[in-house]
Amino acid sequence: MIATTEFKARINNLQKKIENEKLDCLIVSEEEDIYYLTGLTYKSLERLFLLVIKKNAVTFILPKMELAHLEKVDNVDEIKCYWEYPAQSPERWQDVLIEVIGKDLSVGVGGKSPFEIADFLRAQDKSIRQSPIVEELRWIKSPQEIKQIELACHYCDGAIKTLNDNAYYGMSELEVFSIGKQIQQLLIKETEFDYLATNVLVAAWPGRISDQPHGNPKVHDVLSEGSHISLAFLRVNGYAAELERTFFTKKPGKDHRDMFALMMEARKRCYDVLKPGITCEEVDFAAKHFLESKGLGENLMHRTGHGIGLSNHEGPFLAEGDRTVLKENMVVSIEPGIYIKGIGGFRHSDTVQVTKDGFKILTHCPDDIESLTFTKSRPLQWAKGKLIKKMFKLK
């Protein structure tokens, strides 16, 4: 887990940047940003939690119902509460916030802060500036954060290995989903499990919808013809990782092999350029321009990758238009994809650390087509699957 001293250092660093940006204070409202600065896990729902950072003070504003279990938060100087959401003046979050801000005029807010915060402060004649300071601090991971991401990767590896060891022609999506339950049980048993900071999703896009990157698998889907795409999409005690593989439960035909090979070459070209000093869009172009040169421009549906950290999807983004310069200890996904209706989708995804001289792939799973083709008879898995289908009345 992240040490209390590291959270303190993050706040100190943020306070220096606030002063350099000539802001009187910064309002932090995103759950993950507050976690980054305090280590606090919670679910806000509609009730706002607000961290007000000044150069010499940190105030935490929260609803009264949360005060009983949050009477003390490390590295926070003062905790104030409001009555409810909504509430009447003078018991609203607005009343408490304006009291904390006082005469400060220049106020920074995060880009994803609710509109009502900025709208209220403008009505109080405050100068509001959208500030990405916390987001950009989160991009570069500390050694302890890398360890936490590696832990999440370990469980991604285990999930996809379990799927690969059990995949067979006719396997139901329900059997795939059940792997996620196994992983969650391991997390409870093996880690300092924080259920509010942990999410487990293990699934597969069956050939029926693998050409739809965000298609919705159904429990009655089965893995039969075509290319399938497996997914382990985890957040483990605060930190995330992802792992995806294109795989087959029936011998792939020439079209499948050709598209798989092109996807692998696009992926290789990303790794050929991935290193500190390269912009995000240069990595995207490495895959995109290659696939376009092969006549597949109309079969691309998304960027090459995205940042990974406290969220499974965060900045920076390996996408055309994102000119962020990659730096050591940023963590990103590499996942160029090809999608052809009637043939299928082709995408591998790995969680990757940018290192001093290049990169390090943090997820570990075979990626060649032979290792990802599962056509051998698996009678034990078949019998188990038949029982599950009967139990849940799946055809």
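I'll start with the inside of the protein. The largest nonpolar core has 88 residues, and the ones with the most contacts inside it are Leu14, Leu51, Phe60 and Ile338. Helix H6, residues 143-166, gives the most to this core, with nine residues. There is also a second, separate core of 19 residues, and it includes Leu50, Val96, Val100 and Ile128. As background, nonpolar side chains in soluble globular proteins tend to be buried together. Please keep in mind that this is a predicted model.

Take leucine 51 as an example. What is leucine 51 in contact with, leaving aside its neighbours within four places in sequence? The list is Leu26, Ile27, Val28, Ile34, Leu37, Thr38, Val58, Thr59, Phe60 and Val76.

Now the sheet. It is an open sheet of six strands, in the order E4-E3-E2-E1-E5-E6, and the pairing is mixed. Strand E4, 78-82, and strand E6, 127-130, stand at the edges with a single partner strand each, so one side of each has no neighbour in the sheet. From one strand to the next, the twist averages 25 degrees.

Let me go through some of the pairs. E1 and strand E2, residues 50-54, pair in the antiparallel sense over three bridges, and isoleucine 27 stands opposite valine 52 in E2. E1 also runs parallel to strand E5, residues 106-109, and three bridges join them. There, cysteine 25 stands opposite valine 107. E2 is joined to strand E3, residues 57-63, by five bridges, and these two run antiparallel. Lysine 54 stands opposite alanine 57 in that pair.

Is strand E1 covered on one face or on both? Both faces of E1, residues 25-28, are covered: Cys25 and Ile27 are buried on one side, and Leu26 and Val28 are buried on the other. In a regular strand, the side chains alternate between the two faces of the sheet.

Last, helix H4, residues 115-123. Its buried residues are Ile117, Ala118, Phe120 and Leu121. Looking down the axis of H4, these buried residues fall within an arc of 160 degrees, so they line one face of the helix. An α-helix has 3.6 residues a turn, so residues three or four places apart point the same way. Phe115 and Ala123, on the other side of H4, are exposed. What do the buried residues of H4 pack against? They pack against E1, E2, helix H3 (93-101), E5 and E6. After H4 comes aspartate 125, with a positive phi near 65 degrees.

Definitions and conventions: Residues are numbered from 1 along each chain as its sequence is written. This is a predicted model: local features need pLDDT of at least 70, side-chain atom pairs count only at pLDDT 80 or more; totals for chains, interfaces and linings use all residues. Side-chain values use heavy atoms; hydrogens and water are left out. Buried means under 20% relative accessible area, exposed over 50%, partly exposed in between (1.4 Å probe, protein chains only). Helices (H or I, at least four residues) and strands (E, at least two) are DSSP runs, numbered from the N terminus. Two strands pair if DSSP finds at least two bridges between them. Axes are lines fitted to C-alpha atoms, for helices over the stretch in contact, and angles run from 0 to 180 degrees between N-to-C directions. A nonpolar core is a set of buried Ala, Val, Leu, Ile, Met, Phe, Trp, Tyr and Cys residues joined through side-chain atoms within 4.5 Å. Contact means heavy atoms within 4.5 Å. The arc is that of the directions from the helix axis to the C-beta atoms.
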